There are 2 protein chains.
Amino acid sequence: MKSKRKNIAIIGMGNIGSYLYKYLNKNRNILSKKNNCFPFVKFISAKNIRKKRGFSIPKNKWLNNYLEATISKDVDIIVELIGGSEGPAKKLVFNALKNRKHVVTANKALIAKYGDELSKIAEKNNVNLEFEAAVCGGVPIIRSLKEGLIANKIHRVFGILNGTSNYILTSMDKQNKSLKTVLENAKKLGYAESNPSSDLNGEDVSSKLKILSSLCFNAFLNDNIHVEGINSIDKNDIDNANKLGYKIKLLGYAELINNIIYQRVHPTLIKKSSYVASIDGVLNAVIADGHPVGRSIIQGEGAGPPATTSALVSDISSILRGNIKFPFSISNKERKKLKFKNISERLFSAYLRFDVLDKPGVLSNITNIFSKNKVSIKRLIQNPIINKNYSSIIIITHASKDKFLNKIIKMINKKPYVIKKSKLIRIDEN
Amino acid sequence: MKSKRKNIAIIGMGNIGSYLYKYLNKNRNILSKKNNCFPFVKFISAKNIRKKRGFSIPKNKWLNNYLEATISKDVDIIVELIGGSEGPAKKLVFNALKNRKHVVTANKALIAKYGDELSKIAEKNNVNLEFEAAVCGGVPIIRSLKEGLIANKIHRVFGILNGTSNYILTSMDKQNKSLKTVLENAKKLGYAESNPSSDLNGEDVSSKLKILSSLCFNAFLNDNIHVEGINSIDKNDIDNANKLGYKIKLLGYAELINNIIYQRVHPTLIKKSSYVASIDGVLNAVIADGHPVGRSIIQGEGAGPPATTSALVSDISSILRGNIKFPFSISNKERKKLKFKNISERLFSAYLRFDVLDKPGVLSNITNIFSKNKVSIKRLIQNPIINKNYSSIIIITHASKDKFLNKIIKMINKKPYVIKKSKLIRIDEN
């Protein structure tokens with residue numbers, strides 16, 4: 001093998017870009033020895049050259065116009081670390097691929113939205129579009145699905161895909177604190193961004209799940225997805241779950257059942273003794289069920305500059321070795337447009353919580369509504385709220401169609417005895 | 001990308017070879033679409049063409065002399081499924097690489113013994129030597145270390161690397177049965193081979209650990225390894241561990257401390273609440289600690305034809321894509337001959353068990369020996385054995401040098417009050 005060299009442009013110099021740049025400078029020799037090709041950071045561009053980063057960027061590396069990287073003959077690989085599904089990130093990646101540059105990106109929003117179009121350009125131009133860093137940071141799940149588990153027909157992929165929300169749920173449980181208090185803390189510790197809405201409302205998990213689902217099922221990206229976040233989970237839910245032997249986790253599930261895709265993101269009650277319940281703090285874990293391999297689990301740090309750099313460098317190395325791959329594991333010509341169904345007809349057992357006035361007849365009215373909707377009750381707990389004239393009624397149902405569970409919530413929410421929006425949290429009995 | 005074709009010779013047609021052959025016949029189209037190269041089984045060879053396999057092998061594919069595959073111009077990839085570190089397997093793989101054939105093997109004994117020599121030939125001849133299937137079957141650990149986690153400096157890799165012994169320990173615990181009874185059962189279920197000695201005595205884990213250690217530390221294979229198996233673990237040990245809040249697992253550890261390699265395989269007491277304790281039955285799990293990624297965990301089916309085929313096909317696919325790699329992650333020129341130390345100076349807290357006559361002065365004599373060897377006792381339990389005139393004394397020590405723990409065992413074993421060989425099981429407090 002003759003040693004070669006590939007030039008890299010890093011566009012975007014926030015925490016991750018800075019970490020990556022320093023990493024590549026420090027480790028280019030070992031990477032060169034492992035990949036038989038020398039990675040050289042030729043250009044850097046970002047919003048502001050003068051930003052305090054704790055290190056200086058040589059003038060001859062700086063590009064005033066980041067798009068120059070896409071047309072320079074001296075650039076082989078463009079690392080996009082701008083973020084966001086539109087604007088400069090979109091422009092950069094489209095232009096880069098059109099100009100036959102390999103692209104490495106950590107941008108899940110961009111890939112989840114424009115991945116199909118981008119993948120077609122990459123395939124046509126015989127360049128790599130790599131996005132290991134877009135899904136679960138340091139967990140090498142993309143590479144494992146595309147390469148290590150390539151032999152398998154995967155029918156289900158699920159897991160904890162967002163470290164911030166997992167940290168928050170874990171801390172609410174272990175530190176006995178409210179979501180608000182824990183979130184403030186998470187921001188201080190750097191586990192939550194100043195605007196954590198996409199972590200809390202499930203959008204971040206949704207983007208990652210769409211990408212995984214597409215990879216696992218050899219299908220085009222599918223925008224139909226049921227998304228709920230953890231915004232409405234409160235300390236009472238966590239305590240109730242605990243008493244019932246469960247933990248609450250924000251889970252993403254993509255399933256292929258009779259050639260129909262189901263995608264869902266929602267808080268889930270999961271048995272304390274289960275593997276997923278043991279994934280605490282900022283950790284991520286992805287579980288893939290496939291044939292012939294059975295169940296595979298990959299777990300690790302989900303975010304942060306070090307873990308993300310690990311993923312970016314694995315992508316860069318793959319390009320250095322000339323390991324040309326279809327971005328979504330299979331040629332775009334062969335990717336399928338699979339049918340989608342929403343989860344309304346799926347069966348779930350569920351935790352329902354009704355905060356209601358302590359009046360005669362309320363419980364009977366509620367159980368009557370369950371009975372009319374043919375949802376059978378497995379367990380019912382009525383907790384009077386001390387010093388207040390209302391109760392919290394917790395009902396665990398047997399497996400029931402999702403649409404009926406939702407209908408019950410809607411019907412009961414209209415009742416005058418309801419003092420707080422009722423809740424539905426699905427249970428995973430695995 | 002222009003579609004190509006690569007011819008495969010499968011040598012060895014036991015359970016795994018048969019499964020792989022059928023898998024490749026059934027899935028060659030999808031593999032071809034994913035890798036842009038068509039995998040075609042050109043030749044097959046095995047000890048006996050007439051063996052009952054439930055399917056027939058076309059005559060034009062059969063090679064009477066398996067070594068012909070190594071010189072045939074029609075062969076690109078040789079899959080070695082003969083097994084054993086010497087004899088035909090060794091001859092096949094050496095010859096194949098010398099004749100510039102890519103090699104895929106599931107043979108851990110061969111790679112652990114001759115991996116360095118083989119790797120040099122592969123590198124010189126610019127062909128792949130792939131052995132994902134040699135370590136933990138369906139768990140894509142080799143590919144993850146070489147590619148997904150390539151950015152990281154790994155300083156510790158450990159885990160449950162043998163499904164048979166893990167199944168036995170799990171069953172002894174859950175079914176409350178003796179090792180012998182459980183082993184018979186495991187054989188019936190196909191979880192243990194008719195001769196399971198290398199699974200029970202730690203040799204199988206030892207081979208896998210040497211390979212992992214070499215990959216993680218960019219070092220040549222190192223034969224210095226401390227190996228103990230599970231042969232002497234009995235039901236009492238399992239029960240004692242349980243009462244103390246531990247499970248017993250057979251663990252392999254490779255650690256790089258101050259540029260010195262430590263490799264050890266031994267039964268270990270591990271906290272019930274720990275992740276590793278949750279890996280039950282035939283599952284395998286590998287944990288790698290590295291920088292910058294932190295801790296990564298990969299878990300899955302460790303053995304059996306389906307899981308092993310998943311690994312073999314990932315290796316074959318990598319070759320189909322032309323992803324030429326150094327067999328041990330880095331050029332042989334760059335691999336280091338690292339210093340090794342045995343574990344005698346390492347500190348472990350440990351579980352020691354002394355089965356002794358119920359006589360006055362025995363306990364005082366034992367504790368006196370501990371004190372003389374400067375091993376301090378954290379916990380002591382004396383269990384009288386009902387209807388017999390002896391006791392089982394369990395001592396949990398504080399962290400002590402391994403050599404002193406062993407010295408205590410030796411000294412006490414010489415005492416006339418000892419009725420059964422004393423035991424030392426190290427504790428992992430993580």
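Two strands pair if DSSP finds at least two bridges between them. Keep that rule in mind for the views below, which show a predicted model.

**View 1. Strand β11 of chain A meets its partner in chain B.**
Here β11(A) is joined to strand β11 of chain B, residues 294-301, by 3 bridges. The two strands run antiparallel. With 3 bridges, the pair passes the cut-off of at least two. Look for I298(A): facing it is I298(B), in β11(B).

**View 2. Inside chain A.**
Chain A contains 13 helices and 17 strands. Of its 430 residues, 52% are buried. Now follow the contacts between residues at least 6 apart in sequence: 75% of them join residues at least 24 apart.

**View 3. The outline of chain A.**
Along its principal axes, the C-alpha trace of chain A spans about 80 × 45 × 35 Å. How does the radius of gyration of chain A, 24 Å, fit with a compact globule, and why? The value agrees with that picture, because a compact globule of 430 residues would have a radius of gyration near 22 Å.

Note on methods
Residues are numbered from 1 along each chain as its sequence is written. Chains are lettered from A and ligands numbered from 1 in the order in which they are written. This is a predicted model: local features need pLDDT of at least 70, side-chain atom pairs count only at pLDDT 80 or more; totals for chains, interfaces and linings use all residues. Helices (H or I, at least four residues) and strands (E, at least two) are DSSP runs, numbered from the N terminus. The radius of gyration is taken over C-alpha atoms; the globule rule is 2.2 Å times the number of residues to the power 0.38. A residue is buried if 20 or more other C-beta atoms lie within 10 Å of its own, exposed if 12 or fewer, and partly exposed in between; C-beta atoms are placed from the backbone. Two residues are in contact if their C-beta atoms, placed from the backbone, lie within 7 Å.
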